[in-house]
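Welcome! Take a moment to look over the chains below, and then let us walk through them together.

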Amino acid sequence: MGSVLEQLINGLGTGSIYALIALGYTMVYGIAKMINFAHGDIIMVGAYVLYVTVVQFKLPVIAAVAITITFCAVLGITIEKIAYKPLRKAPSLAVLITAIGMSFLLQSLALLIFNANPIAFKSIINVKTVKIGDIAVSGVTLVTLLVTLICMIALSLFISKTKAGSAMRAVSEDKAAAQLMGINVNKTISMTFAIGSALAAVAGILFVCQYQSIKPTLGALPGIKAFVAAVLGGIGSVPGAMIGGVLLGVIESISKAYISSELTDAIVFGVLVLVLLVKPSGLLGKNRIEKV
Amino acid sequence: MQNIKSNKNHSAFTKKNLFITAGIILGFFVVMLLAEGSLLNRQYKSLIVPIGIYIILAVSLNLTTGFLGELSLGHAGFMAIGAYTGALITLNLNMPEVAEFIIALIVGGSIAAIFGVLIGVPVLRLKGDYLAIVTLAFNEIIRSIINFLGITGGAMGLSKIPRYTNYVWVYAMVVLTIIIIYNLVNSRHGRAISAIRDNYVAAESIGLKVSKYKVMAFVIAAFFAGIAGVLYGHNLSVLKPADFDYNKSIEILVIVVLGGMGSIRGSIIAAAILTFLPEVLRAADDFRMLLYAVVLIAMMLFNSSGIRTRLEESGKLPKLPKLTRNKAK
Amino acid sequence: MKKSLKKILSLGLISALTVSLLAGCGQKSGSDSTEFIIGGLGPLSGEAASYGISVKQGAEIAINEINAAGGVKVGDQTLTLKLNFKDDEASGETALSAYNTLMDEGAQALLGTVTSGAGLAIGEKIAEDGILQVTPSGSAAGLTEWPNAFRLCFTDPLQGQTMARYAVEDLGLKKIAVIFNNADEYSTGVKAAFVEEVAALGGEIVAEESFEKGAVDFKTQLTKIKGTDAEIIFAPVYYGDAAFITTQAAELGMSLPYLGSDGWDGVLAQVVDPAVLEGAVFLSPFLATDENPAVQAFVKAYDEAYKAVPDQFAADGYDTVYVMKAALEKAGSTDSEALIAAMTEIQVEGLTGSVTFTAEGEPNKGAKFVQITNGEYTLVK
């Protein structure tokens, strides 16, 4: 019985990272209506910025974290301005391909600057492992869960309670109408990307603290998994991303432990297909009415 | 898209058909000259087969993505099924080369088509980005299962697959794919498929069997992806599950989008350019991936942000096939 | 203003592309008679880039050394060596066209491929051309089945068997847990032979856990192993994965000893706390801290050229060049058939040990076990 609990906690550890990344995905998708394939690579950028500020410039942790988040937010805005904004009226596929190109671009830049060798990085989070009976929960996992929860609540409140949040919702519903209502659509979308990328930076920081290793491709796989998590939870829904992420982590862990570690990917994606077939808009997604 | 005329004259000896036949034969001689002659060096000669394979992949994906308007990120999955089926056939049958290879092509394509039905069913329920992720999921499920099975050689994959693929086979398959898909999209069925893309509700309300056409498009696309897979396996002589992950699907999708959704000609040109490009950039070594990414983004911006339209209107650029708007939202 | 700038930028890029296309077509380089061109193939980009880069850099050191010393005496003339190394992205598809480029550019022998998968895809093509192929690090069993193909490193099955004997016979441990990458032919190849040999020697595999390429979280598999009565963990994986496995096992409070494969070389640089690796033993053909003067000279030259400590791949690349040099000298000609025939007659004292080759293309050389003690690599026997 103890081992089931242990496996659940393992799943929670990966799941909380997925959830945090999925928050950013879902946010950008919900408002800008685009799958930002480069989101996973912003995590990677965040990880490297943290490394440079902490190890090479020897800045205090708080300053390093602040710089990392700011850097990624600015990067997100810049990418949007250069690559996505000119395509706002283009077919959604064109934007998707551009985002994929952007993902390649960030990865190859990192490869050129830092080369392919992974860099070992000492966690900046020094929370002791918590032991309950026989079961140990690592401090980083607890911090990740807590941060993800805070981010989710803050994001939900921001979107539902603030003026900027309402502007975002309006842009999400109908860009043209929002513009007519006097909302600065460009500014709102920029802000969405800034917040989304800042969340990616936070995810990057927690990712390297959990796994203590940085390489140029580190964002690719978690990025895809988080995307799956966001869809599972209902893309566009903030609590859905959180639930989807945690669920995905737990399913992964349980199927690795009790079914087959070789078929895990098949099982995870199989669950996704089943959920979408039963509930096409994901667990917490709103059922969109087909507009003509 | 381009013409709805044809089809009126069913005689096989119309002027147009003669033209096409002459063109196909001429095209063959050009390819033969390139492959056998001394015009190209070995590197470029070795690209002829991959270019053909990517043309088949892109043209068939264009049927689902361009003409039906459904975003599919699982094309490499069908390709994998075809590749593995075909390879297992030629590895285990002891028949003359041509007979064996024809069986491999037909069975490989057919098994992929059967999986096309499996994936076609969720298509009836899901749209847009949700469908994209489900097709991606199918791709990964297929890859994961191939990696797990014993018969497919697991992670080691299959090796010593006979190298049957050559430019003659590839040319024949490319022509077959283009003719079938071209005729399909210009037929009643094809117009029905495009009608579903342009206006789903209207298409349904005039009595089009939407589900039938959707599944049909997926099955035909899967069939040709399977054939491309068979050619691919018998060109490389080794197959590994890792070669068919979602990145391969994205690669094919990039060709389709760059070539123009719903443009067969565009897919052909883009397949050639994008297979060629990494080879040309090879000289740039470390900067190759970076250049590829920059070129990709630049081409997308150039194509889709209105720069090209303006240039074309002012007469500075010849008009090229265009991205069609995906109106279904 | 803004828009026209963008227009110019886009046009500039397109025209740059066209120019590069045209430039690509015009390229032709032949070999002049005093040069022997060694083609190299290995991943210089992507996940496996570090292996290809190491091999390339190691080979370059050897080539510079040889050329600085006056070149290679082949028959009655003296040749200088030239390395033309291309990126194959560890993919068969890319390797095929990269290989053709090499042949266009006049390669006379092939150093490569660095990874097995790429090599299997092009082996037959190389055999058709008939040039000498020596793979520095491709370890899949089928890689040397062509008469012109040789390898410098251990095969995967041999490595698996060696490690199984070490665990069961030398260490006397019978209950073994295995964790391996099921999407990687190297990892599965070593694992399969290991599992078979352990069973043959009367040991027991108590857990066989796999993970996917790119995985970073191994806690589920490790928790499962924790629940068994395993006495040791065998992990035939690359160093990046090894770092994740050992670090996360320590987090889970596990303290089982490890056995690794040669992919573990370099693992120390990948962990934050070397204590998690304490006592781990793996097979490695090369150790940078080896006191052998040839090794130290190589480490020094490598550090001067690339500001890095060479790994086994670099040593493999270096040795492969010397193997080719020995074959050239023995054959007294640059003719491919003569070179291939000479391969079985040479003995090379390399950084990775003294090596001779069988007619099947396999190396005869001793195994070195490396143990990690106090955060350092040390030779076991």
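## Chain C as a whole

In chain C, 66% of the contacts with a separation of 6 or more are accounted for by residues 24 or more positions apart; two residues are in contact if their C-beta atoms, placed from the backbone, lie within 7 Å. This is a predicted model, in which local features need pLDDT of at least 70 and side-chain atom pairs count only at pLDDT 80 or more, while totals for chains, interfaces and linings use all residues. Residues are numbered from 1 along each chain as its sequence is written, and chains are lettered from A and ligands numbered from 1 in the order in which they are written.

Chain C has 11 helices and 16 strands. Of the 381 residues of chain C, 55% count as buried. A residue is buried if 20 or more other C-beta atoms lie within 10 Å of its own, exposed if 12 or fewer, and partly exposed in between; here too, C-beta atoms are placed from the backbone. The C-alpha atoms fill a box of roughly 70 × 65 × 40 Å along the principal axes.

## How confident is the predictor?

For the complex, the predictor gives an ipTM of 0.87 and a pTM of 0.85. The mean pLDDT of chain C is 87, and 91% of its residues reach 70 or more; pLDDT is the predictor's confidence in each residue, from 0 to 100. Over residues 1–31 of chain C the pLDDT is below 50, and this stretch has 20 contacts in the model beyond near neighbours in sequence.

## A six-stranded sheet in chain C

In what order do the six strands of the open sheet in chain C run? The order is β2-β3-β1-β4-β5-β6, with mixed pairing; two strands pair if DSSP finds at least two bridges between them. At the edges stand β2 (72–74) and β6 (149–151) of chain C, each with a single partner strand, so one side of each has no neighbour in the sheet. On average, neighbouring strands of this sheet are turned by 30 degrees against each other, direction ignored.

Inside this sheet, β4 (residues 109–111) and β5 (residues 132–135) of chain C pair in the parallel sense over three bridges. L110(C) has Q133(C) as its bridge partner in β5(C). Helix α2 (residues 49–68) of chain C lies across β1 (35–42), β2, β3 (77–87) and β4 of chain C, and runs at about 165 degrees to β3(C). Axes are lines fitted to C-alpha atoms, for helices over the stretch in contact, and angles run from 0 to 180 degrees between N-to-C directions.

Is G112(C) buried or exposed? With 33 C-beta neighbours inside 10 Å, G112(C) counts as buried. G112(C) sits in the loop between β4 and α4 of chain C. Leaving aside neighbours within four places in sequence, G112(C) is in contact with G40(C), L41(C), G42(C) and T135(C). From G112(C) to I38(C) the distance is 9.8 Å, C-alpha to C-alpha, although 74 residues separate them in sequence.

## A hairpin further along

β12 (residues 347–350) and β13 (residues 353–357) of chain C pair in the antiparallel sense over four bridges. The two strands form a hairpin with two residues between them. E349(C) has S354(C) as its bridge partner in β13(C). On β12(C), V348(C) and G350(C) make up the covered face, while Q347(C) and E349(C) make up the uncovered one.

## Where the chains meet

Between chains C and B, the contact takes 34 residues from chain C and 30 residues from chain B. The elements of chain C that each supply at least two residues to the side touching chain B include α1 (2–26), α3 (92–104) and α6 (185–200). This side of chain C divides into 11 nonpolar, 13 polar and 10 charged residues. Ala, Val, Leu, Ile, Met, Phe, Trp, Tyr, Cys and Pro count as nonpolar, Asp, Glu, Lys and Arg as charged, and the others, Gly among them, as polar.
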